Amino acid sequence: MSDLTLRAAETELGELKLIGIRVLCPPDQYLAEIPQAINLLLGRLTEIKGAVNPNRLVGAFKVEEDSPEEDGYWIGIEVEEFISVPDGMFSLEIPPQKYASVRHKGPNDEIGNTYRELHSWIEEKGYKRLKNKWHIEIHHSWESVEDLDIELLDTIS
C-alpha cells in the first residue's frame with residue numbers, strides 16, 4: 001500500500017466564492033506563472049473585502065474547459081459574498097462538488113507526480129474524473145516553490 005493510498009480521500013466542499021487573479025499562459029509556463037500571480041495577489045489582499053480566510057489561497061482550473069472564458073488557472077481567496085471586485089481581478093463561483101483529495105508537500109515541479117498518483121487512486125476506487133468541472137488547489141503554504149503545502153482536489157463522481 002503506497003503512502004498516497006493512506007493519504008488520499010473522498011471529500012465534499014460546499015459552494016466557493018473566490019476573488020483573485022487569472023493566469024493564462026501556455027501549459028508549460030504555469031509552474032513559473034502561478035508563483036508570480038500569488039505574489040501579485042498577496043500585494044493586493046487588502047483590496048478584497050469579506051475574506052473568509054486571507055491566509056489560505058485557493059486555486060481553480062478545469063482540465064477540459066467548455067469555453068475560452070474558462071481556460072487558465074485562477075488564484076484567489078474565498079469570500080463570503082462578492083461585495084466588490086478590485087480592478088484587474090476576477091470573481092469565480094464554484095458549485096458544491098465531490099472531490100478526490102490528497103496533500104502535496106514539496107517542490108512545485110513534483111505536483112504532476114502527485115496528481116498522477118491521485119488519478120491512479122481515483123481509478124482504483126472506481127470514481128470518474130469530471131474534467132469539465134472546477135478542480136481546486138488549497139494552498140496552505142506557498143512561500144517557497146521548493147516547499148509547498150497544497151491540498152489537491154480533483155472533481156469526481
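## A loop residue as a starting point

N108 is found in the loop between strand β6 (97–106) and helix α3 (111–125), where helices (H or I, at least four residues) and strands (E, at least two) are DSSP runs numbered from the N terminus. At 10% relative accessibility, N108 counts as buried, a label that means under 20% relative accessible area, with exposed meaning over 50% and partly exposed lying in between (1.4 Å probe, protein chains only). Not counting residues up to four places away in sequence, N108 touches L31, P35, V145 and L148, a contact being heavy atoms within 4.5 Å.

## How the model is to be read

This is a predicted model, in which local features need pLDDT of at least 70 and side-chain atom pairs count only at pLDDT 80 or more, while totals for chains, interfaces and linings use all residues. Residues are numbered from 1 along each chain as its sequence is written, and side-chain values use heavy atoms, with hydrogens and water left out.

## The overall fold

The protein contains three helices and eight strands, and from the N terminus on its elements follow the order α-β-β-α-β-β-β-β-α-β-β. Its radius of gyration is 15 Å, close to the 15 Å that the globule rule gives for 157 residues, so the protein is as compact as a globular protein of that length; the radius is taken over C-alpha atoms, and the rule is 2.2 Å times the number of residues to the power 0.38. Along its principal axes, the C-alpha trace spans about 45 × 30 × 30 Å.

Of the 157 residues in the protein, 44% are buried. Among contacts between residues at least 6 apart in sequence, 76% join residues at least 24 apart.

## Surface and charge

The accessible surface of the protein comes to about 8300 Å², and 47% of this area belongs to carbon and sulfur atoms; such areas come from the Shrake-Rupley method with a 1.4 Å probe, and for residues only the protein chains shown count as cover. The protein has 16 positive and 30 negative charges, whose mean positions are 4 Å apart. Lys and Arg count as positive and Asp and Glu as negative, whereas His and the chain ends are not counted, and the place of a charge is taken as NZ of Lys, CZ of Arg, CG of Asp or CD of Glu.

K62 lies in the loop between β3 (57–61) and β4 (73–78), and with a relative accessible area of 11% it is buried. Leaving aside its neighbours within four places in sequence, K62 is in contact with E70, K131, N132, K133, W134 and H135.

Two of these residues also meet the side chain of K62 through polar atoms: a polar contact of 3.0 Å joins the side chains of K62 and E70, and the side chain of K62 reaches the backbone oxygen of N132 at 3.3 Å. A polar contact is a pair of N or O atoms within 3.5 Å; within protein, one must be able to donate a hydrogen and the other to accept it, and residues adjacent in sequence count only if both atoms are side-chain atoms.

## Partly exposed residues in strands

E10 is found in strand β1 (residues 9–13) and counts as partly exposed at 37% relative accessibility. Not counting residues up to four places away in sequence, E10 touches K98, Y99, W121, Y127 and I156, and a polar contact of 2.4 Å joins its side chain to that of Y127.

E93 lies in strand β5 (residues 90–94) and is likewise partly exposed, at 41% relative accessibility. E93 and K17 are 76 residues apart in sequence, yet 4.6 Å apart in space, C-alpha to C-alpha. With neighbours within four places in sequence left aside, E93 is in contact with E15, L16, K17 and F82.

L42 lies in helix α2 and is partly exposed, with a relative accessible area of 31%. Not counting residues up to four places away in sequence, L42 touches L57 and W142, while the C-alpha atoms of L42 and I83, 41 residues apart along the chain, are separated by 19 Å.

N53 lies in the loop between α2 (30–42) and β3, and its relative accessible area of 32% makes it partly exposed. The side chain of N53 reaches the backbone nitrogen of N55 at 3.0 Å, whereas N53 and E33, 20 residues apart in sequence, are 23 Å apart in space, C-alpha to C-alpha.
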